[in-house]
2 protein chains.
Amino acid sequence: MIQRLIENIKKTGAPIVVGLDPMLSYVPEQVQKKAFEEFGETLEGAAEAIWQFNKAIVDAVWDLIPAVKPQVAMYEQFGVPGMAAYEKTVSYCQEKGLVVIGDIKRGDIGSTSEAYAVGHLGKVQVGSRSWSGFHEDFATVNPYLGSDGVKPFLKVCKEEKKGIFILVKTSNPSSGEFQDQMVDGRPLYELVGEKVAQWGEEVMGDDYSYVGAVVGATYPEMGKVLRRVMPRSYILVPGYGAQGGKGKDLVHFFNEDGLGAIVNSSRGIIAAYRQEQYASYGAENFAEASRQAVLDMAADIRGALEAAK
Amino acid sequence: MIQRLIENIKKTGAPIVVGLDPMLSYVPEQVQKKAFEEFGETLEGAAEAIWQFNKAIVDAVWDLIPAVKPQVAMYEQFGVPGMAAYEKTVSYCQEKGLVVIGDIKRGDIGSTSEAYAVGHLGKVQVGSRSWSGFHEDFATVNPYLGSDGVKPFLKVCKEEKKGIFILVKTSNPSSGEFQDQMVDGRPLYELVGEKVAQWGEEVMGDDYSYVGAVVGATYPEMGKVLRRVMPRSYILVPGYGAQGGKGKDLVHFFNEDGLGAIVNSSRGIIAAYRQEQYASYGAENFAEASRQAVLDMAADIRGALEAAK
């Protein structure tokens, strides 16, 4: 799957990923209204609204991007119907040829992590048959429980040729509270990065590993160090746009081959129509506004990478 | 909710929680067969099997215990139908008067953690109405992302009078890889424990906080230290039984008032009929075997607490 992600990035020339994190407040009035008319102001109604919203955006941007990253929390908040909308979104994006990174941040001890790995990336056995519950292509994983929690994911990645991105240094303001604590002369996130590199060696693609890392765009200096610590890991970079990261902050996340990083934007793309810059599209044309925002983001990052050469 | 948990513990005299972590392999043949006859060897069939299994066990043990802890991964592996079985299990246990601790180990940055908090402990707004997706009473939370990730849970806990248990020192063998790293002269888990105590001050019940901690039974010495670091936090203790923890290892997790800890057993209870000790019950009477295993576990812990007085 890492090979397909890289192929998709080369094909589109855009190392970006659109975060499908549909807060109900981002969904234009007319889309909500239609969904509520059919299903009422219920969890089913909310799930229908976010699904229709996603579908319109994916239809408008799929040819420009290599991958999407649905944030499962935004679906899970709507209970079981929300999880059904999540699965439908994953399927639809895969039909469009997009690589789907499930932003699930799961992580537990051995047998429990195995259940997560199987449910999101692998197959679960039911009697004589096997099924894929949520069937994402990649998943994000929380490392706090250590190797026991990560290894079941590695096993499934090997079997299914899928991948994971492990949280190393997250984009939020208080990420340093534990992640930046100094351990034997280096911050904890660096130790986690070293582990990511080690785990990654067990499941290598051609040039990059199936095991990547999450490092926030909001910490470019740390990105520079982590790039060196994990040379063969893809870095998934959240925090661009709405969280404050800019194209020029991102250059050190990439390797000299122009690969090695993929930058996420969620709100900045899916709620573009609510920004001053794209307001002229109006709520009616929210999906077109998202398309323009993707084009602008890709140009910003391309420009920054060119300038850094 | 912490008050109700404590009341339930006093009423039953059993500071224990039954982990409803139904691997399909634990579910007796006859229960699987019946579910597959109705729904086929599908995700729906698997979900029905684990739901019927749970229901039988809850019916057999509910009067002996204060709380249950369903492990969401075991449901999530069966996709959307699995999540529906999870929700049904939560509802059923609440109808029986049990406190439900959702073992979800979620944690993300601000707005995303808020979605998890709302989906599992709070209410989500849909148009003019509000709904509770999974409506557990407590949830477990991963601290790796820092305060930003925890605070949205605190807000919902305050509003809903619910609670969380934050992962501090987990029960698995490799938990030390990151959690035991020395930071300013003390291990990281102790720093996390100090934070738990701080966060807990913001949401206090009568004697104990709405914010508890997870500390594995497999690390009794660390439990002793953490008990002092977080005097007003309830400790949820996994790792008893199948993972190797014994009653006598647990005494230091409790305060002198005999409260302050609740010990989980999953496999040891729900798959009791597969152990030599309870084999005479047979697979037909799996729920009765679970009832006896609960009685034995409660007696073991009561005995250890008495002996330590």
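The model is predicted. In chain B, 8 strands close into a barrel with parallel pairing. Chains A and B bury about 5,700 Å² between them.

- Strand S2 of chain A, residues 67-68, pairs with S3(A) in the parallel sense over 2 bridges. Here A:Ala67 has A:Val99 as its bridge partner in S3(A).
- Strand S6 of chain A, residues 138-141, also runs parallel to S3(A), and 3 bridges join the two. In this pairing, A:Gly102 stands opposite A:Ala139 of S6(A).
- As background, strands of a sheet pair through backbone hydrogen bonds, either parallel or antiparallel.

**A closer look at A:Val141**

- A:Val141 belongs to strand S6 of chain A. Is A:Val141 buried or exposed? A:Val141 is buried, because its relative accessible area is 0%, and the cut-off for buried is under 20%.
- Leaving aside residues up to four places away in sequence, A:Val141 touches A:Lys105 and A:Arg106, along with A:Val150, A:Phe153, A:Ile164, A:Phe165, A:Ile166 and A:Leu167.

**The barrel of chain B**

- Which order do the strands of the barrel in chain B follow? The order is S1-S2-S3-S6-S7-S10-S11-S12.
- S3(B) and strand S6 of chain B, residues 138-141, pair in the parallel sense over 3 bridges. In that pairing, B:Arg106 stands opposite B:Val141 of S6(B).
- B:Asp103 lies in strand S3 of chain B, residues 99-106, and is buried, with a relative accessible area of 3%.
- The side chains of B:Asp103 and B:Lys105 are joined by a polar contact of 2.9 Å.
- Beyond residues up to four places away in sequence, B:Asp103 touches B:Lys69, B:Pro70, B:Gln71, B:Val72, B:Tyr86 and B:Thr140, and also A:Tyr116 from chain A.

**Where the two chains meet**

- How many residues of each chain are in contact with the other? There are 70 residues of chain B in contact with 70 residues of chain A.
- Of the area of about 5,700 Å² buried between the chains, 63% is on carbon and sulfur atoms. In chain B, the residues that lose the most area to chain A are B:Glu41, B:Tyr144 and B:Phe178, together 16% of what that side buries.
- The two chains share 5 salt bridges. B:Glu177 forms a salt bridge with A:Lys195, with the closest N and O atoms 4.0 Å apart.
- Polar contacts between the chains involve 29 residue pairs. Helix H6 of chain B, residues 110-120, gives the largest share of the side that touches chain A, with 7 residues.
- By class, this side of chain B has 34 nonpolar, 24 polar and 12 charged residues.

**Residues worth a visit**

- A:His135 has a positive phi of about 40° although it is not a glycine. A:His135 sits in the loop between strands S5 and S6 of chain A, and is buried at 15% relative accessible area.
- B:Lys161 also has a positive phi, near 50°, and is a residue other than glycine. B:Lys161 lies in the loop between helix H7 and strand S7 of chain B, and is exposed at 52% relative accessible area.
- A:Ala287 is in helix H12 of chain A, residues 286-308, and counts as buried at 8% relative accessibility. A:Ala287 touches A:Ala56, A:Ile57 and A:Ala60, not counting residues up to four places away in sequence.
- A:Ala287 and A:Gly13 are 274 residues apart in sequence and 21 Å apart in space, C-alpha to C-alpha.

How values were computed:
Residues are numbered from 1 along each chain as its sequence is written. Chains are lettered from A and ligands numbered from 1 in the order in which they are written. This is a predicted model: local features need pLDDT of at least 70, side-chain atom pairs count only at pLDDT 80 or more; totals for chains, interfaces and linings use all residues. Side-chain values use heavy atoms; hydrogens and water are left out. Two strands pair if DSSP finds at least two bridges between them. Helices (H or I, at least four residues) and strands (E, at least two) are DSSP runs, numbered from the N terminus. Buried means under 20% relative accessible area, exposed over 50%, partly exposed in between (1.4 Å probe, protein chains only). Contact means heavy atoms within 4.5 Å. A polar contact is a pair of N or O atoms within 3.5 Å; within protein, one must be able to donate a hydrogen and the other to accept it, and residues adjacent in sequence count only if both atoms are side-chain atoms. Buried area is the accessible area (1.4 Å probe) that two parts lose on being put together, summed over both. A salt bridge is a side-chain nitrogen of Lys or Arg within 4 Å of a carboxyl oxygen of Asp or Glu. Ala, Val, Leu, Ile, Met, Phe, Trp, Tyr, Cys and Pro count as nonpolar, Asp, Glu, Lys and Arg as charged, and the others, Gly among them, as polar.
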